[in-house]
Amino acid sequence: MKDFKISARQTGMLSVMLILANTILVYPSLLYEQLGSDGFWVSVLLIIIDLMVLGVFFMLKARYPTQKFTEILNEHLGKILSKIIIFLFMTFFFIKSILTYTVVYMFLKQVVYQEDFEFLALIAILPIINHAVFCGMRTISRTIELFFYIICAGLVLCLAISATNGGGIPLFFQSDAGTFFQTTFKHLFSFGDYLFLFLIMDKIDIKEKQGRKMLNIILIGVLFLLAILFRFYSIYRVTAFMHNNALIDISAVPAQYTAIGKLDIIPMTTIMFLTYFQLEIFVYGFSRSFLMVFPKLNKIHSLILYDILFLVLYHEVIGQYDFFLFATQNYLPFLMVVINLLVPLITTFISFKVRKRRKYEKVF
């Protein structure tokens with residue numbers, strides 16, 4: 001099936017889904033447990049790093065407006081090193097999808113079903129994700145575009161409801177520099193999702209000076225994330241480590257307002273929409289990377305491999321939820337150093353490498 005190009009506007013909306021992946025449920029609680037309210041500034045630093053990676057993407061896209069990422073790597077680094085990098089991308093997006101599924105499964109198990117519903121979860125999500133990925137990036141981006149404003153409205157309502165919970169200014173700057181940077185390193189894997197844009201750079205149609213429009217949409221997602229984190233630490237200044245579902249916890253309705261009904265349906269619905277789109281993006285990233293590593297195979301092969309790996313690891317991951325979170329903070333940051341710091345640095349040098357005069361695209 002032919003995969004058409006997507007617009008800068010659609011890419012910006014897709015990026016907002018990436019910004020909110022794995023950062024509005026258990027992540028704020030883990031940060032507080034390790035660093036207190038200064039976890040907010042850890043997030044600010046990680047967002048800045050991600051925005052720098054986004055800047056590298058814009059620069060590379062401007063210099064190679066129609067080429068695939070793997071073609072650029074092959075040209076400058078050789079096929080072997082290129083395949084190694086793309087294989088690391090494939091691993092990254094597979095683990096990201098598992099992490100997203102695991103965290104949201106535990107959230108729904110605790111808040112909605114209050115019991116195991118493994119089989120129901122699998123048959124409800126896996127076939128839908130497979131179909132969306134098979135249909136391609138244009139279908140995914142159009143669906144995101146259709147529901148983007150509904151998701152934004154849900155986030156705004158959650159933040160508005162959080163105002164009824166009071167709160168004050170969080171206690172900032174209580175930790176030492178060593179602990180701050182150690183915690184930052186531990187949570188590198190919670191970010192880095194802009195790497196997805198490199199994989200689909202040839203599918204993105206950014207016309208002249210449309211980069212600013214895309215960036216403006218992305219900044220909306222950044223503001224949502226910072227606002228949710230700030231409200232979370234404002235409301236739960238001492239007990240934040242006990243609250244593992246940040247978005248729904250800030251939306252908890254005080255007793256005097258319970259007569260108006262169960263408003264927790266708003267954050268739950270918002271989280272479920274976000275999860276659906278995030279899983280689509282991550283599985284597509286896995287499939288895209290797979291096809292770059294094994295160009296003679298097709299999308300169906302990549303989805304079969306993904307489903308097999310997912311089902312094989314499923315019980316291990318769900319059964320060892322705490323160990324999985326431990327691994328994302330202690331082992332996977334080393335993967336992020338390579339693909340979210342070293343690879344963008346390499347592509348920066350590639351962008352500046354003088355080989356021949358070429359007309360650069362003006363994305364801003």
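Phe 173 sits out in the open in this predicted model: its relative accessible area is 65%, so Phe 173 counts as exposed, the cut-off being over 50%. As for its place in the chain, Phe 173 belongs to the loop that links α7 (137–162) and α8 (177–186).

Is Asn 22 buried or exposed? With 14% relative accessibility, Asn 22 counts as buried, because the limit for that label is under 20%.

Which residues make the contact? On the α2 side they are Tyr 27, Leu 31 and Leu 35, while α3 brings in Gly 39, Val 42, Ser 43 and Leu 46.

Next come the salt bridges, and the count comes to four. One of them joins Glu 145 to Arg 9, with the closest N and O atoms 2.3 Å apart. Glu 145 is part of helix α7 and Arg 9 is part of helix α1, so this pair ties together parts that are 136 residues apart in sequence. Both partners are partly exposed, Glu 145 with a relative accessible area of 23% and Arg 9 at 29%.

Another salt bridge links the side chains of Lys 96 and Asp 193, at 3.0 Å from N to O. Here helix α5 (residues 79–113) supplies Lys 96, and the loop between α8 and α9 (195–199) supplies Asp 193, so parts 97 residues apart in sequence are tied together. How accessible is Lys 96? Its relative accessible area is 0%, so Lys 96 is buried. Asp 193 counts as buried as well, at 3% relative accessibility.

Asp 205 and Lys 207 form a salt bridge too, their side chains meeting at 2.8 Å, N to O. Asp 205 is partly exposed, with a relative accessible area of 30%, and Lys 207 gets that label at 47%.

Gly 285 is a residue of helix α12 (residues 265–293). It is buried, with a relative accessible area of 0%. Leaving aside residues up to four places away in sequence, Gly 285 touches Phe 93, Phe 196 and Leu 199. Gly 285 and Met 137 are 148 residues apart in sequence, yet their C-alpha atoms are 9.9 Å apart in space.

Finally, the surface carries a nonpolar patch of about 520 Å², built from Phe 134, Ile 300, Ile 304, Ile 308, Val 312 and Leu 313. Where does the largest share of the patch come from? Helix α13 (residues 299–319) provides it, with five residues. Phe 134, by contrast, is located in helix α6 (residues 118–135). With a relative accessible area of 33%, Phe 134 is partly exposed, and that value qualifies for a patch because the requirement is over 30%.

Notes:
Residues are numbered from 1 along each chain as its sequence is written. This is a predicted model: local features need pLDDT of at least 70, side-chain atom pairs count only at pLDDT 80 or more; totals for chains, interfaces and linings use all residues. Side-chain values use heavy atoms; hydrogens and water are left out. Patches are made of residues with over 30% relative accessible area and no salt bridge: like charges are joined within 9 Å, nonpolar side chains (Val, Leu, Ile, Met, Phe, Trp, Tyr) within 5 Å. Accessible areas come from the Shrake-Rupley method with a 1.4 Å probe; for residues, only the protein chains shown count as cover. Helices (H or I, at least four residues) and strands (E, at least two) are DSSP runs, numbered from the N terminus. Buried means under 20% relative accessible area, exposed over 50%, partly exposed in between (1.4 Å probe, protein chains only). Contact means heavy atoms within 4.5 Å.
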